[in-house]
Amino acid sequence: MKPYRCSQILNSVFNLSSTTLSHNFIVWLINFIPLELPQLYTSPLFFKIRTSTLLLHSSDEEDLYIQQAVVFIEDAIQYRSIYHRVDARSLRLYRWYYSRICQWGLGLTIAVVLLLAFVERPSSLSVSSDPRIRSPSIEPPCGFTESIEMVCLIIFCLDLAVKSYLIGWEELRKNKWLIGYTVVISVSIIDWVLSVSMDCDERLRVRRLLRPFFLLQNSSLMKKTLKCIKRTLPEIASVILLLALHLCLFTMIGMLLFAKTEDPKKNGEWELHFRTMPDSLMSLLVLLTTANNPDVMIPAYSLNRGYSIFFITFSVIGTYCLMNLLTAIIYNQFRGYLLMSVQTSINRRRLGIRAAFQVLSCQGAQQAAEERVHVDAVLKVMSRVKMKSYYRAAITTVARQYTEVSYMDREQFREIFDELDKDCIKEHPPLPQYRSHALQRLQVIFSHYYLTVLGNAVALANVVCICTVLVLNSEKSTAERDNYVLEIINLCFILYYLFEMCVKIFAFGWLGYLSYRNNIFDGFLTILLLALQITIFITYRLPNSQWDPSSHSVISLWEMIRLVNMLIVFRFLRIIPDIKLMALVASTLLDLVKNLRAFAGILVVVYYVFAVFGIWLFEGAIKPPAGMSVLSNTSMENITTNFSMECGTYEQLGYWPNNFDDFAAAIILLYDVMIVNNWQAFVDAYSRYTTEWSKIYFVCWWLTSSVMWVNLFVALILENFIYKWDRSHSCSVTDVERIRYETSVQLMFREQVQEPTEEELVCQLHQHPHLHLQW
């Protein structure tokens, strides 16, 4: 290549380098120049191109560091692991995968695949689950649900592929959940192929049992909860063994006390509850839940009052000592393991923040040596991070305090993210300014707290009036009721509610009025009540004593008045924010719905698995006798024909709708057993219609749902409430309204976890498989 030709090429490259060509191409072109032309390497033109290339390369590196810091901080906020690929293309894919749209789409896919159980055979698409009156269920054609399921499985395959790529092969081999994810998807696809090849006529669908795994693996907190439960089980084995010993001991004593005698009149207890060893065990196990008390002891107690000592002693030791001790041990052990999981989450947050600082400090050799970051770089990162706006504003405000010195050290960088653990104070807009002195006085009066107290008193008076009228009209039919007085009273109260809303808007302004959640609730119901009242006047004219409550155009007058009364009663909930303890209780319940969904998810998984097993084992097991029918508005004697029933049994109690004939009915039956009210009727019925071994299924469900999960959930409710009570103990009612408590499992145990040391964080950063930093 001739020198003048190379000079022309270099000149063209220099003109394009800042616009269209990447620095990688420029470097390749420079390396392509023959070494035989040393005069080009010493030319000013070559020096300009080389400088431009280095600047482009430096700019790309700085942008990559910024992207890495953004992702690491987002990982820290969400308590995610930072052990994933960190090149530019992978980071873009990573942020897209964890975007709200993508995660909502994945969650919707999981919900769809779980809800298929309600539509698949046996279908739950019928009005009633009672086999006596149930009409044929709507059965979707073969291939309908299978097509939807295959789409979901394809999405899960894509999800697995993205996760596997992002963490890398080495991390994939260590991740048991992703390996299980692969196995579950593979088995589901094989089972789907078999199902389609058999024209959807197979009874056993293995993939239905595996579907809850998709829900588990998509929630890190749910996986931690399941791991904690698994580790808790060995710790409570001694108490369960003691409980079993207690049952066996009293079973043998009971069988000796209530043995069969020669006198048939004295064999009532033996015949009903202690005939065999399994019957005795089951009777006392049900008594442990108090579901058959005092029925189980009545036959013996009627003969001799001394027999009550046996049953009372059993209940005191078993129900009030061992069961509560079991609850305490379950909570204590589970809480310990949950604390360990929370410690892991806190370590992840600190590691993500430390990694973000490290990549930002590596933008220059001098900064890396001094371990400091530029404030402008921090602000640039925070402008890109996806997080709640008030946290972004708080962190940015603290970071700007270091603008004068331009740099932040490692400890200062860590401290600005302490804002994530603080409560958000909701600031209400300023009151409107009025020039008139009279309007200012009215504003002071109408913005006073006593106006809210007066409104609560008026709402209470309205509810009392409604209760009084309901008591007076409780025995009257619709045609006999006189709603004239009640309608006049409601009209007066609604006008006062409208007046209260208007003066509050006058005092606080529109924005100030809407900044209070109780005002939004109150105003919405007031407008709805006013609209209903106007509708009544338009339809039935003004109130008069000759109103016919049964008259109607679209809906009857009585139905409209009843709707108004229900809304007025519902509006009385406005008092909750004004009473501190009630506000905390309501806030606790809301936080349980928002932040403790993982525990509800575990219950959904358990319900799903047991419902599928129940359908496999007991579908169609209980069938009503031929000729049995249900007659509406009749007594129990007319419900059956030519069929005798023993008192207290499944048949006599009319529990026919509770069965395992479809998925929805199975869920309701499992709920009824979890409540343990009359659950012995279900156990007895299925043991008679199938086999005695069916009792094992119901006992396992009782242990899983009532003993384990319900006790854990109650304990977590207590932990949540105590946490919020301690934090708001010194707050007034107004402060409770203003402070937006961010309650999560991590924050609940925040004060009891230890901060990781700098050495531990650096050691973990060195173990990152994809991040190679300058130290």
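Predicted model: local features only at pLDDT ≥ 70, side-chain atom pairs only at ≥ 80, totals over all residues.

Modeller: Residues are numbered from 1 along each chain as its sequence is written, and side-chain values use heavy atoms, with hydrogens and water left out.

Colleague: Why is H768 called buried?

Modeller: Buried means under 20% relative accessible area, exposed over 50%, and partly exposed in between, with a 1.4 Å probe and protein chains only. H768 has a relative accessible area of 3%, so H768 is buried. H768 sits in the segment after α33 (758-766); helices (H or I, at least four residues) and strands (E, at least two) are DSSP runs, numbered from the N terminus.

Colleague: Which residues does H768 touch, beyond those up to four places away in sequence?

Modeller: They are I82, Y83, H84 and V86, where contact means heavy atoms within 4.5 Å.

Colleague: Why is Y79 buried, and why is N678 called partly exposed?

Modeller: Y79 has a relative accessible area of 12%, so Y79 counts as buried. N678 has 22%, and therefore N678 is partly exposed. Y79 lies in the loop between α4 (44-77) and α5 (88-97), and N678 in the loop between α28 (663-675) and α29.

Colleague: What is noted about phi of Y79 and of N678?

Modeller: Phi is near 60 degrees for Y79, a positive value in a residue other than glycine. For N678, also a residue other than glycine, phi is positive too, near 65 degrees.

Colleague: What makes a set of residues a nonpolar core?

Modeller: The members are buried Ala, Val, Leu, Ile, Met, Phe, Trp, Tyr and Cys residues joined through side-chain atoms within 4.5 Å. The largest such core has 97 residues, and F156, F214, F311, F660, W679 and F698 have the most contacts inside it. Helix α27 (residues 597-618) gives the largest share of this core, 14 residues. Apart from that core lies another, of 41 residues, among them I66, F72, I353 and F357.

Colleague: How do you tell a cavity from a pocket?

Modeller: On a 1 Å grid over the protein atoms alone, a cavity is a set of points where a 1.4 Å probe fits but cannot get out; a pocket is an open set with protein on both sides within 12 Å along at least five of seven lines, and lining residues have an atom within 4 Å of a point. The structure holds four cavities of 30 Å³ or more. The residues lining the largest cavity include E120, R121, P140 and C200.

Colleague: And how much space is in the second largest pocket?

Modeller: Its volume is about 820 Å³, meaning the space filled by probe spheres set on grid points, which are joined across faces, edges and corners. Of its 26 lining residues, L272, H273, E646, Q680 and D684 are the closest to its centre. The largest share of the lining, six residues, comes from α29.
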